[in-house]
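Please look over the sequence and the 3D structure shown below. A short report on selected parts of the fold comes after them.

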Amino acid sequence: MSQRLVLSTVGISILLNGLEKTEQEWRERLNAAANHPELSPDLEDKVNELSQRVLDRMQNSSVQENRKRCAELNGLYGIYGNNLAAASKDTHFLIATDTALGKASATILQAFLHANQIQQVQVYIPPNLSTESTAKFSGGMKALIRWCEDTLPGYQERKYEIVFNLTGGFKGMQGYLTTVGMLYANQLVYIFEGGEQLLSIPKLPLQIKLEEVRQHGVHLAMMAEGYLLPSQQAADIPSSLLEEDGDDVTLSDWGLLVWNKAKEELLCEELLPFPYMEFSDRFKKDFKDAECKDKVQLQESLAKVAKILAESHGDPSGLKSDRGLQYDNYTHKKQGNLPIGHFRVSQATRVSCTYEGGKLHLRRFGREEEVNANP
């Protein structure tokens with residue numbers, strides 16, 4: 001059997017289930033603080049005491065008792081046929097809300113798994129993710145979608161089976177990750193509350209309309225880098241891909257998910273006509289000769305450059321302040337009277353360019369040493 005990566009959503013029921021019937025006041029306070037990033041001193045002390053109590057009980061309880069006590073564990077026991085020892089060779093990610101109780105719950109579960117010789121357990125907290133407001137939830141889910149795109153494909157390439165354990169966690173997060181899992185996971189599993197029967201959620205054959213995405217590639221690529229597109233320029237973009245931000249629009253959660261799944265093919269095809277840029281024939285040849293993954297990285301960097309230039313109406317000074325691009329001019333290298341600049345695409349690749357007439361003229365793309373030697 002291939003190795004697995006198991007992603008488990010985490011809620012706060014593991015804490016609530018540790019309370020006694022006589023602790024109703026604490027239950028009410030914990031529920032009221034479910035979305036709080038920090039707790040009052042007395043409530044923090046209670047959570048610390050409760051966390052240790054829950055962990056001690058779990059370590060001294062039967063499988064059946066722990067399945068009833070913790071929804072997340074119920075799902076994991078279901079995946080591994082009640083034998084957690086079988087989970088020790090797999091990689092586990094616990095996804096919790098960016099709240100004090102979410103972090104505490106994930107920490108308890110991580111400690112329990114470590115105590116059961118399951119060492120490859122990481123907690124990921126999407127920044128700002130909570131159900132306090134639509135804006136926070138949406139922003140947190142976007143961060144989670146970006147994390148999935150950055151993390152999961154690497155495991156897929158290494159032939160891991162990706163399993164989404166959606167038994168625990170908040171209903172909203174479960175709903176979103178069911179859709180995300182349709183595109184990233186090999187298997188989605190769930191157990192109804194109070195039960196033990198593992199249910200496999202069937203994957204639907206979701207189809208990304210590539211041509212529809214291709215038509216708006218420039219704007220979608222720039223919005224994926226954080227660009228706020230004026231609403232009047234977005235009239236032809238499907239509304240499901242967008243969300244409003246004042247008088248502007250940006251990618252919705254679904255829009256970001258669609259873009260992430262379409263970009264590998266689109267950005268590998270041909271150079272997008274980003275604003276404030278011109279491509280030399282040599283640059284076009286460098287792009288054509290590059291490997292697909294390098295083409296994708298290049299165009300994501302160009303989208304970031306285009307975002308910065310668009311926000312400054314073509315002023316390139318903002319490029320130097322971006323730590324990722326590391327834009328600078330070569331010493332003693334010019335095209336006529338124009339200094340030749342360069343910026344970073346990846347650890348190994350660079351772009352050389354000049355700036356004239358309100359546009360960035362891209363000259364070369366390739367390995368750092370090759371571009372530096374002949375920019």
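**Basis.** This is a predicted model, in which local features need pLDDT of at least 70 and side-chain atom pairs count only at pLDDT 80 or more, while totals for chains, interfaces and linings use all residues. Residues are numbered from 1 along each chain as its sequence is written, and side-chain values use heavy atoms, with hydrogens and water left out.

**Whole protein.** The protein has 14 helices and 14 strands. Helices (H or I, at least four residues) and strands (E, at least two) are DSSP runs, numbered from the N terminus. The C-alpha trace spans about 80 × 45 × 40 Å along its principal axes. Of the 375 residues, 50% are buried; buried means under 20% relative accessible area, exposed over 50%, and partly exposed in between (1.4 Å probe, protein chains only). Among contacts (heavy atoms within 4.5 Å) with a separation of 6 or more, 57% join residues 24 or more positions apart.

**Cores.** A nonpolar core is a set of buried Ala, Val, Leu, Ile, Met, Phe, Trp, Tyr and Cys residues joined through side-chain atoms within 4.5 Å. The largest one has 78 residues, and F164, F274, L302, F343 and L362 have the most contacts inside it. Another core, of 39 residues, lies apart from the largest one and includes V6, I12, L76 and I79. Leaving aside neighbours within four places in sequence, L362 touches residues including M277, F283, L302, F343 and V351.

**Strands.** Two strands pair if DSSP finds at least two bridges between them.

| Strand pair | Sense | Bridges | Residues standing opposite |
|---|---|---|---|
| β10 (277-279) and β14 (359-367) | parallel | three | M277 and L360 |
| β13 (349-356) and β14 | antiparallel | eight | V351 and F365 |
| β8 and β9 (248-251) | antiparallel | four | E244 and V249 |

β13 and β14 form a hairpin with two residues between them, and G357 in the turn has a positive phi of about 60°. β8 and β9 belong to an open sheet of three strands in the order β7-β9-β8, with antiparallel pairing. β7 (229-230) and β8 (242-245) stand at the edges with a single partner strand each, so one side of each is left without a neighbour in the sheet. In a regular strand the side chains alternate between the two faces of the sheet.

**Single residues.** Q326 is in the loop between α13 (292-311) and β11 (328-335), whereas H332 lies in strand β11. Q326 counts as partly exposed because its relative accessibility is 45%. H332, at 80% relative accessibility, counts as exposed.

R69 is in helix α4 (residues 63-69). The side chain of R69 does make a polar contact with the side chain of N66, at 3.1 Å. A polar contact is a pair of N or O atoms within 3.5 Å; within protein, one must be able to donate a hydrogen and the other to accept it, and residues adjacent in sequence count only if both atoms are side-chain atoms. Leaving aside neighbours within four places in sequence, R69 is in contact with S13, I14, N17, R57, M58 and S61.
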